[in-house]
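Colleague: I'd like a close look at one part of this predicted model, the inside of the protein. Could you walk me through what is packed in there and how the charged side chains around it pair up?

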Amino acid sequence: QVQLVESGGGLVQAGGSLRLSCAASGRIFSISTMGWYRQAPGKERELVAVITRNGTQNYVDSVKGRFTISRDNAKNTVYLQMNSLEPEDTAVYYCNADVKPRYYSNLQTFWGQGTQVTVSS
């Protein structure tokens, strides 16, 4: 099937930066939209940013101007550059991807295992 593996999380002070990566592997014919979500303790998972295959991006209002999503289609990888981090950004960050495993498949959504981002004040 398809596996998504995230990396780049960690502990950073407020105002600092982190870059998350998520690489998709396995049976992949094509990938449509890729995105990043996050879930803080006691809260529901929320969308952070998404990017289409042709590069169109959308962000949740709280990260606009601070986070940038990008992707490398040749590497089936999506990135999230996070600048000016705030304690409120502390959460487990998950990537997801809408994948066609075969040319005749419908799109299927796959998730990574999550990576912890902790921002100290």
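**Inside the protein**

Modeller: Let's begin with the largest nonpolar core, which has 28 residues; those touching the most other members are Trp 36, Val 48, Phe 67, Val 78, Leu 80, Met 82 and Tyr 93. Quite a list of strands gives two or more residues to this core: E1 (2–7), E3 (18–26), E4 (30–39), E5 (46–51), E7 (67–72), E8 (77–82), E9 (91–100) and E11 (115–120). E9 supplies the largest share, with 5 residues. Keep in mind as we go that this is a predicted model.

Take Met 82 from that core list and see what surrounds it. Setting aside residues up to four places away in sequence, Met 82 touches Gly 16, Ser 17, Leu 18, Leu 20, Arg 66, Phe 67, Tyr 93 and Val 117. Two of those names, Phe 67 and Tyr 93, are also among the core residues that touch the most other members. Hold on to Arg 66 too, as this contact of Met 82 turns up again below in a salt bridge with Glu 86.

Next, the disulfide. The structure has 1 of these, made by Cys 22 and Cys 95, with 1.9 Å between their sulfur atoms. Cys 22 sits in strand E3 and Cys 95 in strand E9, so the link ties together parts 73 residues apart in sequence. If you turn the view to look at the S-S bond, the angle about it is 45 degrees and the link is right-handed. Both ends are hidden away: Cys 22 is buried, at a relative accessible area of 0%, and Cys 95 is buried, also with 0%.

Now for a charged residue on the inside. Arg 38 belongs to strand E4, and its relative accessibility is 6%, so it counts as buried, the cut-off being under 20%. What does its side chain pair with? One partner is Glu 46, through a side-chain polar contact of 2.7 Å. Another is Tyr 93, whose side chain makes a polar contact of 2.9 Å with that of Arg 38. So the arginine reaches one of the core residues we started from, because Tyr 93 is on the list of those touching the most other members.

Side chains of opposite charge can pair when their charged atoms come close. The structure holds 5 salt bridges. One of them joins the side chains of Arg 38 and Glu 46, at 2.7 Å from N to O.

A second salt bridge to look at is Arg 66 with Glu 86, where the closest N and O atoms are 3.9 Å apart. Arg 66 lies in the loop between strand E6 (57–59) and E7, and Glu 86 in the loop between E8 and E9, so this pair ties together parts 20 residues apart in sequence. Here again, the arginine is the buried end, with Arg 66 at 10% relative accessibility, while Glu 86 is partly exposed at 33%.

These pairs are also linked up: Arg 38, Glu 46, Arg 66, Glu 86 and Asp 89 form a network of salt bridges. Another salt bridge is the one between Lys 64 and Asp 61, with the closest N and O atoms 3.0 Å apart. In that pair, Asp 61 is exposed, with a relative accessible area of 61%.

Finally, step back to the whole protein. Its secondary structure comes to 11 strands and 0 helices. The radius of gyration is 14 Å, close to the 14 Å that the globule rule gives for 121 residues, so the protein is as compact as a globular protein of that length. Of its 121 residues, 38% count as buried. Among contacts with a separation of 6 or more, 56% are between residues 24 or more positions apart.

Definitions and conventions:
Residues numbered from 1 in each chain as written. Predicted model: local features only at pLDDT ≥ 70, side-chain atom pairs only at ≥ 80, totals over all residues. Heavy atoms only, no water. Core = buried A, V, L, I, M, F, W, Y, C linked by side-chain atoms within 4.5 Å. Buried < 20%, exposed > 50% of the residue type's maximum accessible area, 1.4 Å probe, protein only. Helix = DSSP H or I, 4+ residues; strand = E, 2+ residues; numbered from the N terminus. Contact = heavy atoms within 4.5 Å. Polar contact = N/O pair within 3.5 Å; in protein donor to acceptor, adjacent residues only side chain to side chain. Disulfide = S-S within 2.5 Å. Salt bridge = Lys/Arg side-chain N within 4 Å of Asp/Glu carboxyl O. Rg over C-alpha atoms; globule rule 2.2 N^0.38 Å.
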